Amino acid sequence: MNIHSNEIIQFLDENFNEKKCYELSRKCNFIERSSSKLKGYDFIKMMIIPTEGLFTDSLKGLCKRLEHFNSEAILSSQALCKRINDISSCLLMKAIFQNILIEINDRITKISKEIVDGLSGISRVLIEDSTVIQLNEVLEKFYKGTNRGGKGSKSQVKIDVIHDLKDGSTIDARLFRGNEPDQSLSLRILNFAKTGDLIIRDLGYFVLKSFKELSENGAYFLSRVKASTNFFLNKEDIKPLDLGLYLKKNLQKNSKFIEIKGYIGKEKVPARLIIY
C-alpha cells in the first residue's frame with residue numbers, strides 16, 4: 001500500500017490536530033512548558049511521514065525535516081538523538097500509534113460490519129496477514145532479513161496479525177524474523193479458530209494441512225488456490241480433474257464464474273472451487 005505524505009498530514013489534521021498532539025505531549029511529559037520550540041505535532045510528523053525510511057535517515061536529515069515543519073525548531077543532531085531516545089518520546093509515539101490503531105479499527109469495523117452481518121451461520125470472520133518492516137542491520141542477529149543477492153534487507157521484523165472483522169478485535173499479534181515465510185505461520189490460526197469461524201488469508205498461507213484441520217474442527221476457510229493443487233470431484237478418485245477440459249464442457253457461454261464441489265490435494269480436503 002502506497003501512502004503519500006500529504007495523505008498522512010491530512011489524516012493527522014483530521015484526527016490528531018495540534019491541540020490534541022499538544023495534550024498528548026504534556027501527558028507523556030514530552031514537553032513541560034508551552035513555550036517549548038519543539039512541538040509534539042512537528043515531532044510526530046517528522047517520525048512517521050514516509051521518506052526513504054527512518055532506518056536509513058541520518059539524524060542530520062531528520063533535523064532538516066523537523067525544521068521544514070517548524071522553522072523555529074532548530075536542533076543539533078546530538079540534541080535530536082537525545083530527544084528521540086528519551087522515554088517521553090517513546091511514550092508519545094506509543095500513544096499516537098494506539099490512537100491511530102483505534103481510529104483505523106473503527107473505520108474498518110464500520111465497513112466490515114455491513115458485510116459480515118449478512119453471513120448467516122458464521123460465528124467470527126478471522127483474517128490473518130503479515131507485514132515486514134526493515135530494521136537497522138545491527139539487529140540482524142535477532143531479526144534476520146530476506147537479503148538475497150543484494151536484494152531485501154539484512155534485518156527485518158515480520159508482524160503477523162489475526163483480526164476478527166466481525167467485532168473489530170485483534171485476536172493475536174506476534175513478531176517473527178523477517179525471513180520467516182508465511183507458510184510456516186499457517187498453522188498458527190489453529191490455536192484460535194473455533195467451530196463456525198470463517199478464516200480468510202492470502203495465498204502465502206496456503207497449506208493443505210491447515211485447511212484440513214480447520215475443516216475437521218468445523219471452521220470454514222477462503223483462499224486463492226495454488227495452480228499446482230490437484231482437485232478431485234470425488235473422494236475416492238485417484239486421477240485429479242482436468243480443469244481445462246471440465247470448464248470447456250461445463251462453462252456456459254455467458255457465465256462469468258463456475259462453482260465445483262469436490263476435494264483438494266492428496267489430503268482430499270472438502271472444498272468448493274470457484275473459478276471466475
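The lining of the second largest pocket comprises 19 nonpolar, 3 polar and 5 charged residues, where Ala, Val, Leu, Ile, Met, Phe, Trp, Tyr, Cys and Pro count as nonpolar, Asp, Glu, Lys and Arg as charged, and the others, Gly among them, as polar. The structure is a predicted model, in which local features need pLDDT of at least 70 and side-chain atom pairs count only at pLDDT 80 or more, while totals for chains, interfaces and linings use all residues. Residues are numbered from 1 along each chain as its sequence is written, and side-chain values use heavy atoms, with hydrogens and water left out.

The volume of the second largest pocket is about 930 Å³. A pocket is here an open set of points on a 1 Å grid over the protein atoms alone, where a 1.4 Å probe fits and with protein on both sides within 12 Å along at least five of seven lines; lining residues have an atom within 4 Å of a point. Grid points are joined across faces, edges and corners, and the volume is the space filled by probe spheres set on the points. There are 27 lining residues, and the closest to the pocket centre are Phe221, Leu222, Ser223, Arg272 and Ile274. At least two lining residues each come from strand 4 (198-201), helix 7 (208-216), strand 5 (220-222), strand 7 (258-264) and strand 8 (269-275). Helices (H or I, at least four residues) and strands (E, at least two) are DSSP runs, numbered from the N terminus. The most is given by strand 8, with 6 residues.

Phe221 also belongs to an aromatic cluster, together with Phe206 and Phe211. Rings of Phe, Tyr and Trp (its six-membered ring) pair if their centres lie within 6.5 Å; planes under 30 degrees apart are stacked, over 60 edge-to-face and the rest tilted. The count under this rule is 3 aromatic pairs. One of them joins Phe30 and Phe43, with 4.7 Å centre to centre and 45° between the planes, and is tilted. This pair links distant parts of the chain, 13 residues apart: Phe30 is in the loop between helix 2 (18-27) and helix 3 (40-48), and Phe43 is in helix 3. Both residues are buried (under 20% relative accessible area; exposed is over 50%, partly exposed in between; 1.4 Å probe, protein chains only), with relative accessibility of 4% for Phe30 and 1% for Phe43. The pair of Phe206 and Phe211 is edge-to-face, because the ring centres are 5.1 Å apart and the planes are at 75°. Phe206 and Phe211 are buried.

Helix 3, which holds Phe43, is mostly covered, with 8 of its 9 residues buried. The buried residues are Gly40, Tyr41, Asp42, Phe43, Ile44, Lys45, Met46 and Met47.

Two charged side chains sit over aromatic rings, the criterion being NZ of Lys or CZ of Arg within 6 Å of the ring centre and within 35 degrees of the ring normal. Arg83 lies over the face of Phe30 at 4.4 Å from the ring centre, and Lys268 lies over the face of Phe232 at 4.6 Å. Lys268 is located in the loop between strand 7 and strand 8 and is buried, at 16% relative accessible area. Its phi is near 55°, a positive value in a residue other than glycine. Most residues other than glycine have a negative phi. Asn29, in the loop between helix 2 and helix 3, likewise has a positive phi, of about 65°. Asn29 is partly exposed, with 48% relative accessible area.

Two further contacts between C-alpha positions concern residues separated along the chain. Arg224, in the loop between strand 5 and strand 6 (231-232), is exposed at 60% relative accessible area. Arg224 and Phe206 are 18 residues apart in sequence, and their C-alpha atoms are 8.0 Å apart. Leu126, in strand 1 (residues 125-134), is buried at 0% relative accessible area.

For disulfides, defined as pairs of cysteine sulfur atoms within 2.5 Å, the count is 0. The sulfur of Cys28 is too far for a bond, because the closest cysteine sulfur, in Cys90, is 9.4 Å away. Cys28 is buried, with a relative accessible area of 10%, whereas Cys90 is partly exposed, at 46%.
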